[in-house]
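Keep the 3D view open and look up each residue as you meet its name.

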Amino acid sequence: MMESKTIKRLRPFTLADAQAVTHLFNTCSRATTGHDEFELDSMINDWNTPGFDFEKTVRVLENEQGEIIGYIEVWDSSEPHVNKSMYGLLHPDHWDDDQYRALLSWAETCARERISLAPDGSRVVMMQYTQNKDLRRKKAMEAYGFSLVRHYYRMGIELGSSPQSPMFPEGIKVMTIDINTELKAALLALDDGFKDHWGHVERSIDDQLVRWQHYLQTDKDFDPTLWFLAKSEGQIVGLIRCNPRTVEDPQMGWVSQLCVRQPWRRQGLGMALLLMAFAEFHRRGNKRVGLIVDAASMTNATRLYEKAGMHIARQSDAYEFELRPGERLDTT
């Protein structure tokens with residue numbers, strides 16, 4: 001049980017806390033990566049995501065002076081509710097194993113109260129991702145009962161004076177997305193392209209559209225000219241979705257998602273889309289490009305990125321805590 005003093009300090013998050021929490025996030029990221037990684041506007045967009053009830057699923061931890069030194073959330077906003085993503089941080093200057101355990105305990109209680117949202121008989125887990133160098137948090141999670149299940153690489157490349165030209169397979173046409181008419185088709189293609197990736201869970205396309213419409217209306221960096229669709233006979237067979245910059249490095253373009261649908265793999269399409277993105281970023285003046293990849297990707301994506309000249313910059317780790325055993329609805 002948490003001590004009474006901890007319960008008094010743990011309170012519901014409100015949007016009035018947004019700036020202080022964003023500052024906390026960046027303080028923690030600087031301690032592990034050396035960079036700020038969060039922006040107030042995008043954080044507020046996340047907290048306002050349709051279906052995310054921050055009054056019930058987010059708490060902040062205050063010290064005696066009323067300063068926010070900790071944060072915990074359980075992200076469980078869409079069906080089938082089998083993977084409940086949590087994110088918990090403590091200010092590095094205020095680290096305390098017992099306090100962090102109290103945050104994890106609150107998250108477990110919150111997540112267990114939401115198990116009933118998942119289909120009967122399904123396996124339900126609580127997930128958290130952390131930087132590989134965040135040793136105190138990793139140790140505390142393992143002591144609580146979390147298991148390390150996956151590694152992810154942050155990869156990057158410095159763009160030279162003349163990026164390599166892409167060569168697309170015969171019959172493939174590439175164009176930027178018409179966001180007003182092709183968003184649903186693009187999301188369906190993404191879902192199909194990632195269905196054999198570890199951890200993928202089938203989700204309602206209507207739910208996805210509601211969330212995407214939210215971001216399209218609120219994300220100041222959204223740029224549909226950085227969504228490239230590869231088509232064969234009018235059907236989307238692959239796509240790459242990019243952002244023009246990152247918070248930590250405004251001169252770094254970012255590859256958010258790259259996928260090729262299974263029947264069109266092993267023909268060089270993934271490499272061609274990646275090189276097309278590099279060329280477009282170079283044309284726009286970006287100096288670098290980055291992305292995140294599953295280190296044990298079932299499609300060997302890490303090897304693709306290395307062949308394109310990218311290198312591993314840092315690693316993050318995925319942990320899970322089983323809340324209920326049962327049938328797995330995610331890809332393993």
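In this predicted model, the largest nonpolar core has 29 residues. Inside that core, the residues with the most contacts are I240, V255, L274, F278, L291 and Y305. In soluble globular proteins, nonpolar side chains tend to be buried together.

**The nonpolar cores**

- Another core lies apart from the largest one and has 28 residues, including L90, W95, C110 and L323.

**Helices α2 and α3**

- Helix α2 (residues 18-33) and helix α3 (residues 40-47) have axes that come within 10 Å and cross at roughly 110°.
- Because of that angle, α2 counts as roughly perpendicular to α3.
- The crossing of α2 with α3 is right-handed.
- On the α2 side, the contact is made by A18, Q19, V21, T22 and F25, and on the α3 side by L40, M43, I44 and W47.
- Sorted by class, this contact of α2 with α3 has seven nonpolar residues, two polar ones and no charged ones.
- Setting aside neighbours within four places in sequence, T22 is in contact with F38, E39, L40, M43 and W47.

**Helices α5 and α6**

- Helix α5 (residues 97-112) packs against helix α6 (residues 135-144) at an angle of about 55°, and their axes are 10 Å apart.
- The two helices α5 and α6 are therefore oblique to each other.
- This crossing of α5 and α6 is right-handed.
- From α5, the contact uses Y100, R101, L104, S105 and E108, while α6 brings R137, A140, M141, A143 and Y144.
- The classes in the contact of α5 with α6 are six nonpolar, one polar and three charged residues.

**Helices α7 and α8**

- Helix α7 (residues 179-193) and helix α8 (residues 205-218) pack at about 125°, with 11 Å between their axes.
- At that angle α7 and α8 are therefore oblique to each other.
- Here, α7 passes α8 in a right-handed crossing.
- Helix α7 takes part through I179, L183, K184, L187, L188 and D191, and helix α8 through I205, Q208, L209, W212, Q213 and L216.
- By class, the contact of α7 with α8 divides into eight nonpolar, two polar and two charged residues.

**A threonine in strand β5**

- T130 sits in strand β5 (residues 124-131).
- With a relative accessibility of 1%, T130 counts as buried.
- What does T130 contact, leaving aside its neighbours within four places in sequence? Its partners are R137, K138, S316, D317 and Y319. One of them, R137, also belongs to the contact that α6 makes with α5.
- T130 and A140 are ten residues apart in sequence, and their C-alpha atoms are 12 Å apart in space.

**Backbone details in the loops**

- Where is P80? P80 is in the loop between β3 (68-75) and β4 (83-90).
- The peptide bond leading from E79 to P80 is cis, with omega near 10°.
- H81 is also in the loop between β3 and β4, and H81 has a positive phi of about 65° although it is not a glycine.
- H81 is buried, with a relative accessible area of 12%.
- N300 is found in the loop between β11 and α10. The phi of N300 is near 60°, which is a positive value in a residue other than glycine.
- N300 counts as partly exposed, because its relative accessibility is 48%.

Notes:
Residues are numbered from 1 along each chain as its sequence is written. This is a predicted model: local features need pLDDT of at least 70, side-chain atom pairs count only at pLDDT 80 or more; totals for chains, interfaces and linings use all residues. Side-chain values use heavy atoms; hydrogens and water are left out. A nonpolar core is a set of buried Ala, Val, Leu, Ile, Met, Phe, Trp, Tyr and Cys residues joined through side-chain atoms within 4.5 Å. Buried means under 20% relative accessible area, exposed over 50%, partly exposed in between (1.4 Å probe, protein chains only). Axes are lines fitted to C-alpha atoms, for helices over the stretch in contact, and angles run from 0 to 180 degrees between N-to-C directions. Helices (H or I, at least four residues) and strands (E, at least two) are DSSP runs, numbered from the N terminus. Angles under 35 degrees count as roughly parallel, over 145 as roughly antiparallel, 65 to 115 as roughly perpendicular and the rest as oblique. A crossing is left-handed if the near helix is turned anticlockwise from the far one by less than a right angle, and right-handed if clockwise. Contact means heavy atoms within 4.5 Å. Ala, Val, Leu, Ile, Met, Phe, Trp, Tyr, Cys and Pro count as nonpolar, Asp, Glu, Lys and Arg as charged, and the others, Gly among them, as polar.
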